[in-house]
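Hi there,

Here is the structure I promised to pass on to you. Have a look at it first, and then read on for my notes on its aromatic rings.

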Amino acid sequence: MASEQLEKIFKNNEEWIAQQLDKDPSYFKTLGEGQEPNILYIGCSDSRVTAEEVMGLHPGEVFVHRNIANMVISTDLSAQSVITFAVKHLKVKEIIVCGHFCCGGVKAAMQAQDLGLLNPWLRNIRDVYRLHKEELDAIADEDARYNRLVELNVQEQCVNVIKTAVVQKASAERGLRVHGWVFDVKSGKLIDLKIDFDSVLAKIKEIYTFTS
């Protein structure tokens, strides 16, 4: 027997269907005809951060991939498959990596604690800390340091997106762009980090650039 919360979800679904049909009788017919999103959103699995709601978009307007701490890892077939499908087949024009302040994954990575199966995943965030250790260690306030690591993690995951061959090819051929954002859960604001990728990639570009 379903719990009250699950029963409420199905009731909410019926109400949502009625609302959509009231606004547009062909709403679901249109959805069934396919998707043509311009945006791939890579975000965190945190239950407080829902991509469409945060951006004010509707079903069909954004292709979404979420995991703990919005990571883009080269050996993660799920993330790499999503990127390939979104870029090669959906032909998205923008890729957004969006982290958020108060991220539990980033917070856990800052602590010297054995978290079992999570250790290999969180190690990637600790690697971000290692890359930017001098800057982060210079921040005395723990919350400010934590928030800065959130931002730097977004930056490094954007770099990981740019390292992929499919993204490099689409960028060269049709101007695909990558963006790094942070969502502030305490204010509801989306923050564009305005990352200067030319500067960030200057010293490593020749290592990761694929030639056709």
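A word on terms before the notes: a residue is called buried under 20% relative accessible area, exposed over 50%, and partly exposed in between. Please also keep in mind that this is a predicted model.

By that scale Phe85 is partly exposed, with a relative accessible area of 36%, whereas Phe63 is buried at 17%. Phe63 and Phe85 form a tilted aromatic pair, with 5.6 Å from centre to centre and 40° between the planes. Phe63 belongs to strand 2 (residues 62-67) and Phe85 to helix 4 (residues 77-89), so this pair ties together parts that are 22 residues apart in sequence.

How many aromatic pairs are there in total? The count comes to 4. Another of them is the edge-to-face pair of Trp16 and Phe28, whose centres are 5.4 Å apart and whose planes are at 75°. Here Trp16 sits in helix 1 (residues 4-23) and Phe28 in helix 2 (residues 27-31), so the pair links parts that are 12 residues apart in sequence. Trp16 is partly exposed, at 31% relative accessible area, and Phe28 is partly exposed too, at 29%. Together with Tyr27, Trp16 and Phe28 make up one aromatic cluster.

One last thing to look for is a charge over a ring: Lys163 lies over the face of Tyr208, 4.3 Å from the ring centre.

Notes. Residues numbered from 1 in each chain as written. Predicted model: local features only at pLDDT ≥ 70, side-chain atom pairs only at ≥ 80, totals over all residues. Heavy atoms only, no water. Phe/Tyr/Trp six-rings, centres within 6.5 Å; stacked < 30°, edge-to-face > 60°. Helix = DSSP H or I, 4+ residues; strand = E, 2+ residues; numbered from the N terminus. Buried < 20%, exposed > 50% of the residue type's maximum accessible area, 1.4 Å probe, protein only. Lys NZ or Arg CZ within 6 Å of the ring centre and 35° of its normal.
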